[in-house]
Amino acid sequence: MQPRQNYLGAGGWVWAGKYKLERYLYLLHRITGLGLLLFGVIHLIITTFYRYRGEGVWESAMSALSNPAFRVGEYLVAAAFVFHALNGLRLILQEFGFGLGRPVPPIYPYKDALRKKRRWAIAMIAVVAVLALVLLGDFIAGGP
Amino acid sequence: MTESSTKQIAFKVQRYDPEQGDAPHWQQFAVPSSRGMTVLEGLIYIKENLDSTLAFRTSCRMGICGSCGMLINNYPHLACHTQIEEFHSNTLTVRPLPNLSIIKDLVVDLTPMFNNHKSIKPYILRQDAQEMENPTAEFAQIPQELNDFLQFAYCIKCGICVAACPTSASDRLFLGPQALAQCYRYCADGRDEGQQERFSLVDTDHGIWRCHLAGACSEACPKGVDPALAIQLLKRRLASQALGLRKKQQPSSVVSPPAETKPKIPFPEFTVKGSE
Amino acid sequence: MRATRFHLLHMITGVLIAVLLGIHMVRLHLDSILDWFGVDTTDSTSWESMIARASEGIWAALYIALLAVALYHALYGLRGIILELTPSVKAGRIITWSFIMIGIGAFGWGTYVPLHLLSS
């Protein structure tokens, strides 16, 4: 009798229980990464094909993109980039064990290294929030 | 001394019987629970009084054998280590661990996890094969060296970290946090010389670099083993090797037991004279 | 050590993107900050501004470098996500090779356009 498959699949990335901060930072890092990739592809197509075809096509494309809906999208891309960059820097440091401390024999109640050093992750999020607000200010104040 | 009051707690248990052929479904049981009662005791009550066909693994009932890992209220716990009262709720949902195949009811197939564990060679490897197979003496190790990996040696192979890991959820070929943490435990052990061999086992497309530091494994681990820390330290070793920064570490030397023992402390005088 | 080297490159390109893309975004969008620095902030997305930038060697070099690192970082990340959903090793190899092809193709096309405009 074959045992029944019980994998969560990609749903397990999104929700599998009441986990804490780092699990959801991982999810947000993935989502912003995919969002930035999608934007990058579109951006690459516009700046190459449309530029290639000459000034008229370029200018009409730019004016079409000045639509407020696109401006909101641009702001989201900027905020996503800020988050992904700073979380990425945190990941680079922590994935090589910097700022995680030494192994200690476990004494109940257990506190794993990520939780002990969580204040660094919180500090990073605070910096991201501040930068996102600065970008928001610039976006609301207008632009090209 | 007041009598501890009993409350009726509803246990919603996921049932699945492969011989019946139907899909997994819920079954509800009313369990009288009192202060200090664990979820495992609730399941044993169900099995003894309400439905003896309920299948689950249990052995030590004190959080050291690793048999009773289950998803309780959507979070992986050891059932013997989890009190019913800590959820402050009249309903408990009990499901088998995810990311491992279900054999029946709450029993999951841990074989893939054990196979991954075996594949990273979880034993001391020495260059001197003769000494390894037929040891003549001990390997020297001081307590400071032991502290470098002792935390990761406490793993009870319960499978909760594998159930918590988002990569294990989607990637069937992923080694899993348990195997990777044990790989570090052996690489960091001063007595071991098999680091290069193990590196080639984890440095693959579905190996250590598919870990993205979600930290759920360490968060859920019931013994505080912190597999996430072990995996990141292993990544550090791999990266310093790739960059050529690794210092050659001397493995533990082989020490014969001392030829002379210390002089024995004299046996103390009896304080109570026997009747002779 | 191959997978480790690819992953280290992923991290290095991540840091480089943070720098280069930061420069790109500040130049193009953050008018208030640029005004403070005294940079000419006429409409950056207009044709003239873009051609002026494309003619300068330093901007062309920046864009080509940004394209290279961004393509590597993005495609390696996407390949990782897709490999996590692929249970077969053979399919994994096919996926890796197709990503390499896509990356080289996109880099070739993305570099050809500014260089073509630079020379014309």
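**Entry 1: ground rules**

I number residues from 1 along each chain as its sequence is written, and chains are lettered from A, with ligands numbered from 1, in the order in which they are written. Since the model is predicted, local features need pLDDT of at least 70 and side-chain atom pairs count only at pLDDT 80 or more, while totals for chains, interfaces and linings use all residues.

**Entry 2: chains A and C, side by side**

I started with the element counts, taking helices (H or I, at least four residues) and strands (E, at least two) as DSSP runs numbered from the N terminus. Chain A has six helices and zero strands, and its elements read α-α-α-α-α-α from the N terminus on. Chain C has five helices and zero strands, reading α-α-α-α-α.

Next I looked up burial, where a residue is buried if 20 or more other C-beta atoms lie within 10 Å of its own, exposed if 12 or fewer, and partly exposed in between, with C-beta atoms placed from the backbone. Of the 144 residues of chain A, 22% are buried; of the 120 residues of chain C, 17% are.

For contacts I used C-beta atoms, placed from the backbone, that lie within 7 Å. Among contacts in chain A with a separation of 6 or more, 67% join residues 24 or more positions apart. For chain C, the figure under that description is 67%.

I picked A:L36, which sits in helix α2 (residues 21-52) of chain A. Is A:L36 buried or exposed? It is buried, because 23 other C-beta atoms lie within 10 Å. Leaving out residues up to four places away in sequence, A:L36 touches A:V77, A:A80, A:F81 and A:H84. I also checked A:G137, 101 residues from A:L36 along the chain: the two C-alpha atoms are separated by 21 Å.

Then I turned to helix α4 of chain A, residues 68-95. The expected span of a helix is 1.5 Å times one less than its number of residues. Buried residues in α4(A) include A:F81, A:H84, A:G88, A:R90 and A:E95. Just after α4(A), I noted a positive phi of about 80 degrees at A:G97.

Two packed helices are described by the angle between their axes and the distance between the axes. My axes are lines fitted to C-alpha atoms, for helices over the stretch in contact, and angles run from 0 to 180 degrees between N-to-C directions. Angles under 35 degrees count as roughly parallel, over 145 as roughly antiparallel, 65 to 115 as roughly perpendicular and the rest as oblique.

How do α7 (residues 177-188) and α8 (residues 195-202) of chain B cross? Their axes come within 10 Å and cross at roughly 165 degrees, which means that α7(B) is roughly antiparallel to α8(B). On the α7(B) side I found B:L180, B:C183, B:Y186 and B:C187, meeting B:Q195, B:R198 and B:V202 of α8(B).

My other pair was α2(B), residues 111-119, with α7(B): the angle is about 25 degrees and the axes are 8 Å apart. Therefore α2(B) is roughly parallel to α7(B). Here B:M113, B:N116, B:H117 and B:S119 of α2(B) meet B:Q178, B:A179 and B:Q182 of α7(B).

**Entry 3: where the chains meet**

I looked up the contact of chain B with chain A, which takes 41 residues from chain B and 33 residues from chain A. On the chain B side, β6 (102-104), α6 (166-170), α9 (216-220) and α10 (227-242) each give two or more residues. The largest share, seven residues, comes from α10(B).

Methods. Contact = placed C-beta atoms within 7 Å.
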